[in-house]
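Visitor: Hi, I have a new structure open and would like a quick tour. Could you walk me through it?

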Amino acid sequence: LPKFSFEKARVPKDASVKKQLTDALNKNQYLKRLELQQIKDMVECMYECTYQQGEYVIKQGEPGNHLFVLADGKLEVFQQNKLLTSITVWTAFGELAILYNCTRTASVRAVNKVMTWALDREAFQNIMRRTAETRHEQY
Ligand code: CMP
């Protein structure tokens, strides 16, 4: 297997954005258990992704290919068309399908135009794998 290229996957971004992405990932109850370096690598590989008003960012029951951090705008979370909650800026979401390989547990819809930072499943898996390999090399 070719080694995943962090150089290619890395998306340059301002230090202030990196700080907000790091904080958003670290305050998520599932993602906060990851290692510091893994969070750093995830932040490096995130890229901007915008959605229009009314558009679905995530659909319940579908396979998940990205995790996100909301940077601007407002999102609503639904289960079986029932509104559960809204998501405010600098919050991570869509982490469950990526972490646990399950289908999307809820739908997430843009209330207005939103800007997110997305991370591909492939990048996430490679970051996890790279940590495992590095650890193996140490012993
Ligand atoms: P995931 O299941 O990948 O996709 C839908 C996302 O909605 C899920 O990850 C969580 O990030 C989020 N989500 C699911 N259920 C809730 C809930 N009850 N409250 C807030 N967010 C939720």
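Predicted model: local features only at pLDDT ≥ 70, side-chain atom pairs only at ≥ 80, totals over all residues.

Visitor: Let's start with Glu44. Where is it found?

Guide: Glu44 belongs to helix 3, which covers residues 36–45.

Visitor: And is Glu44 buried or exposed?

Guide: Buried: its relative accessible area is 18%, and the cut-off for that class is under 20%.

Visitor: Which side chains make polar contacts with the Glu44 side chain?

Guide: Arg10 is one of them, with a polar contact of 3.4 Å between the side chains. Lys18 is another, and there the side chains are joined at 3.1 Å.

Visitor: What else does Glu44 touch, leaving out residues up to four places away in sequence?

Guide: Besides Arg10 and Lys18, the contacts are Ala9, Val11 and Lys13.

Visitor: Nice. Switching to aromatics: how many pairs turn up in the whole structure?

Guide: Three aromatic pairs. Take Tyr30 and Tyr100: their ring centres are 5.9 Å apart and the planes sit at 80 degrees, so this pair is edge-to-face.

Visitor: Why does that pair tie together separate parts of the chain?

Guide: Because Tyr30 lies in the loop between helix 2 (15–27) and helix 3, while Tyr100 is in helix 4 (residues 95–100), the pair ties together parts 70 residues apart in sequence. As for accessibility, Tyr30 is partly exposed at 26%, and Tyr100 is also partly exposed, at 45%.

Visitor: What about Tyr51 and Phe68, what geometry do they have?

Guide: That aromatic pair is edge-to-face, with 6.3 Å from centre to centre and 75 degrees between the planes. Tyr51 sits in strand 1 (residues 47–51) and Phe68 in strand 3 (residues 66–72), so to speak two distant parts of the chain, 17 residues apart. Both residues are buried. Ring pairs also bring in Phe93, giving a cluster of Tyr51, Phe68 and Phe93.

Visitor: How many bridges join strand 1 and strand 8?

Guide: Five, in the antiparallel sense, with strand 8 spanning residues 114–120. Within strand 8, Trp117 stands opposite Glu48.

Terms used:
Residues numbered from 1 in each chain as written. Heavy atoms only, no water. Helix = DSSP H or I, 4+ residues; strand = E, 2+ residues; numbered from the N terminus. Buried < 20%, exposed > 50% of the residue type's maximum accessible area, 1.4 Å probe, protein only. Polar contact = N/O pair within 3.5 Å; in protein donor to acceptor, adjacent residues only side chain to side chain. Contact = heavy atoms within 4.5 Å. Phe/Tyr/Trp six-rings, centres within 6.5 Å; stacked < 30°, edge-to-face > 60°. Pairing = 2+ DSSP bridges.
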